[in-house]
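Please look at the structure shown here before reading on.

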2 protein chains.
Amino acid sequence: VSALIAIDWGTTAARAYVLDGAGTVTGTRSAPLGVQHVQDGRFADALSALLGDWRDDPAPRIACGMIGSRQGWLEAPYVACPAQLPDLVAGLVHVPGSRLTIVPGVRTRDANGVPDVMRGEETQIAGAIAARDARVLCTLPGTHSKWACVDAGRLVDFMSFMTGEMWDLLLRHSILGRLATPGSPAGGVGAAFERGVARGLGPGNLAHDAFGARTLALMGELAAEDVADWLSGLMIGREIRNARAWGQRHGYDGSRVRLVGADALVARYAAAMRHADIAVEVADSNAAARGLWRIATQAGIVSPSAAASGVPSA
Amino acid sequence: VSALIAIDWGTTAARAYVLDGAGTVTGTRSAPLGVQHVQDGRFADALSALLGDWRDDPAPRIACGMIGSRQGWLEAPYVACPAQLPDLVAGLVHVPGSRLTIVPGVRTRDANGVPDVMRGEETQIAGAIAARDARVLCTLPGTHSKWACVDAGRLVDFMSFMTGEMWDLLLRHSILGRLATPGSPAGGVGAAFERGVARGLGPGNLAHDAFGARTLALMGELAAEDVADWLSGLMIGREIRNARAWGQRHGYDGSRVRLVGADALVARYAAAMRHADIAVEVADSNAAARGLWRIATQAGIVSPSAAASGVPSA
C-alpha cells in the first residue's frame with residue numbers, strides 16, 4: 001500500500017516516486033513535463049500524465065521544485081534562511097481541489113545584499129542530511145548549481161552558480177564552440193578536464209580564462225574534441241575555488257563536501273573535488289524523495305500509521 | 001592625391017580609409033563585409049565592393065584585423081609580445097597578385113602559460129600611442145575587449161576578456177534574459193549600470209554574481225528594463241577590477257587608462273572607470289587608420305614623397 005506520492009517537479013522535467021508506509025521508494029516515473037513545458041496552466045493534466053495508472057492511488061501527493069514558483073501551479077513563497085524542516089512545513093501550500101501540497105523554496109542574501117533563491121534543492125538537502133550531521137557543506141550540481149552550509153539539519157545559507165548554463169551557452173553560441181568538435185561528448189574527466197580544473201582552481205577572471213578554450217585550440221595545444229571538457233573543468237574548478245572560500249567564511253573548512261544529485265554532473269564534480277583535495281561523500285540519488293517524505297511526515301500529511309517507522313529506509 | 005588606402009577588416013565589418021600624403025584621413029567607407037560574411041574566399045570581390053569607386057585608385061592598400069587570420073584572405077602569423085612597430089613591419093604579408101599588404105596579429109601567454117591573441121588591436125594601439133608616451137595602460141572595448149601595457153610604443157603584454165560576448169549571450173539565451181525587457185536598450189550609464197559596476201568592482205565569482213540579474217528582478221529590486229544595464233555594469237566592473245590588478249602586476253599603477261575605440265561601448269567603459277576612480281583619456285576614433293599609416297610608412301609602402309610629413313595629422 002502506498003503512503004505518499006512524492007514529485008520532484010522542475011523546470012524541464014518531472015519525476016514521481018511512490019513510497020510505502022516505511023518511506024521506501026517502491027516505484028518511480030519521469031516525464032519531460034517540467035513547468036516550462038506545461039501550456040496554459042494545465043498542471044492537473046500534466047500530473048495525471050506523469051502519474052499514469054498511479055493517478056487513482058488515494059495517497060497524498062507532495063511536490064517540490066519550480067512547480068511552486070510564480071510560473072508553476074501555485075506559488076509557495078520563499079522561506080528565509082536560516083531554514084529548518086519546521087520552516088519548510090510552515091510554508092507548505094495546498095493546491096485547492098487537489099490532493100497536492102507544494103514545498104516552498106528558500107531565499108537568502110549574499111554578502112552584498114543580492115538575493116539568492118532555490119526551489120527543490122532545499123528538499124534534496126533535507127533528504128541528504130541526517131539530524132545527527134553537524135556542519136555539512138553540500139554541493140548540488142546542476143544547470144544552476146548550489147552550495148549550502150547545513151548545521152544539524154538547519155540550512156544556514158547557500159549560494160548559486162550558473163556554471164552549467166554558462167558552460168552550455170559558451171560552447172553552443174560563443175566563439176569558443178567554433179574550434180570544438182560539434183557535439184563532442186563532454187563527460188570525460190580525463191587529462192583535458194583535469195587541465196581545466198587546475199586552471200579554474202587558481203585565481204582569475206572567467207571572461208578571460210574561458211577565452212583560453214579558443215586560444216589553446218588555435219595554437220594546437222588543445223584538441224578540438226577536448227575543448228568542451230577543458231572548459232567544463234575550468235568552470236567547475238573556479239566554482240569550487242570560490243564556493244569553498246565562501247564556506248570557509250561561514251566556518252566550514254571545505255576539506256569535505258557532500259555531493260547531492262543524480263546526474264552525470266556529479267561524477268565531474270567529484271573528480272574536480274578530488275583534484276582540489278576535497279573528500280567527497282555522495283548522497284544517495286533519491287534525496288528528493290527522501291526529503292519530501294521527511295517534510296510530509298513532519299507536516300502530518302502522511303497518516304500516522306503509514307509513517308509508523310518514522311525514518312525512511314530507502 | 002591619395003597616398004594609402006587603409007582597411008580595418010574584422011570579423012563582421014570592414015572599414016576603409018583614404019589617406020593623403022600627410023596621413024590625413026580624407027574619406028571613409030564601411031560595409032558588413034567582415035571575414036565571416038565573405039563566402040568561398042571571394043575576398044577580392046569583397047574588397048572591390050567595399051572600396052566602390054576607390055577601387056581604381058592606384059594607392060597601395062594595407063589591412064589589419066581578422067583578414068590576416070587563418071579564416072581570412074591570407075594568414076599573417078602572430079608576432080610575439082613584446083612587440084614594437086618594426087616587429088609588425090617584419091611580419092607583414094603581401095597578398096600575391098594584389099596591391100594589398102596585411103598586418104600580423106600579436107600573441108602572448110598569460111601567467112598560467114595560456115596563449116592570448118589579438119588581431120587589429122595591435123594596429124589601433126600603434127595609432128593611439130605616441131612615441132613619447134611612457135607606460136600607457138590601454139583598454140580596447142569590444143566583443144572581446146583587450147587591455148594592453150604599452151611602454152614607449154612597445155606592446156609589452158595584453159589580456160583579452162570575453163565580456164561583451166558573454167553579456168550578449170547571457171541576456172539573449174540564458175535565464176537572465178527572461179526577466180529583462182526584450183530588446184531593452186542597453187547603453188544607459190545610469191543608476192542600474194552604476195549598481196552593477198559597484199558590484200563588479202568587488203570580489204566575486206561571475207557565475208554567481210550574474211545570477212543576481214535574475215534574483216534582483218524576481219524580488220522586485222531591479223526593473224525589467226534595467227536588467228541589461230545592471231548586467232553590463234557588473235561584467236565591465238569585474239573586468240576593470242581584474243585587468244587593473246593585472247596592469248599593476250606589470251608595474252602600471254592603473255590610476256589612468258587610455259580608452260581606444262569608436263563604438264558606444266567606449267562611453268560605458270569610461271563611465272565605469274570614473275566610478276573606479278580611474279582617469280580616462282579617450283584616443284581619437286581613427287586609431288586604426290593612424291596605426292596603419294604608421295606601419296605603412298615604417299615599411300616603406302607609402303612612397304617617400306607622399307609620406308614626406310612623416311607624422312599623420314588626422
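At 0% relative accessibility, B:Cys64 counts as buried, where buried stands for under 20% relative accessible area, exposed for over 50% and partly exposed for what lies in between (1.4 Å probe, protein chains only); the cysteines are taken up again at the end. This is a predicted model, in which local features need pLDDT of at least 70 and side-chain atom pairs count only at pLDDT 80 or more, while totals for chains, interfaces and linings use all residues. Residues are numbered from 1 along each chain as its sequence is written, chains are lettered from A and ligands numbered from 1 in the order in which they are written, and side-chain values use heavy atoms, with hydrogens and water left out.

The contact, meaning heavy atoms within 4.5 Å, takes 44 residues from chain A and 44 residues from chain B. About 4000 Å² is buried between the two chains, and carbon and sulfur atoms give 65% of that area; buried area here is the accessible area (1.4 Å probe) that two parts lose on being put together, summed over both. In chain A, the residues that lose the most area to chain B are A:Met162, A:His208 and A:Phe211, which together make up 15% of what that side buries.

Between chain A and chain B there are 2 salt bridges, a salt bridge being a side-chain nitrogen of Lys or Arg within 4 Å of a carboxyl oxygen of Asp or Glu. B:Arg109 and A:Glu221 meet in a salt bridge through their side chains, at 2.5 Å from N to O. Several elements give two or more residues to the side of chain A that touches chain B, among them β12 (154-161), α4 (163-173) and α8 (227-249) of chain A, with helices (H or I, at least four residues) and strands (E, at least two) taken as DSSP runs and numbered from the N terminus. The largest share of that side, 6 residues, comes from α4(A).

Over all chains, the structure holds 24 salt bridges. One pair is A:Asp229 and A:Arg268, whose side chains meet at 3.1 Å, N to O; this pair links distant parts of the chain, with A:Asp229 in helix α8 of chain A and A:Arg268 in helix α9 (residues 265-275) of chain A, 39 residues apart. A:Asp229 is buried at a relative accessible area of 9%, and A:Arg268 also counts as buried, at 6% relative accessibility.

Another salt bridge joins A:Arg256 to A:Glu281, with the closest N and O atoms 3.3 Å apart. A:Arg256 lies in strand β13 (residues 256-259) of chain A and A:Glu281 in strand β14 (residues 279-282) of chain A, 25 residues apart. A:Arg256 is partly exposed, with a relative accessible area of 46%, and A:Glu281 is partly exposed as well, at 26%.

How many disulfides does the structure hold over all chains? There are 0, a disulfide being a pair of cysteine sulfur atoms within 2.5 Å. A:Cys81 is in no disulfide, and the nearest cysteine sulfur, that of A:Cys149, is 9.5 Å away. A:Cys81 is buried, with a relative accessible area of 17%. B:Cys64 is likewise in no disulfide, the nearest cysteine sulfur being that of B:Cys138, 15 Å away.
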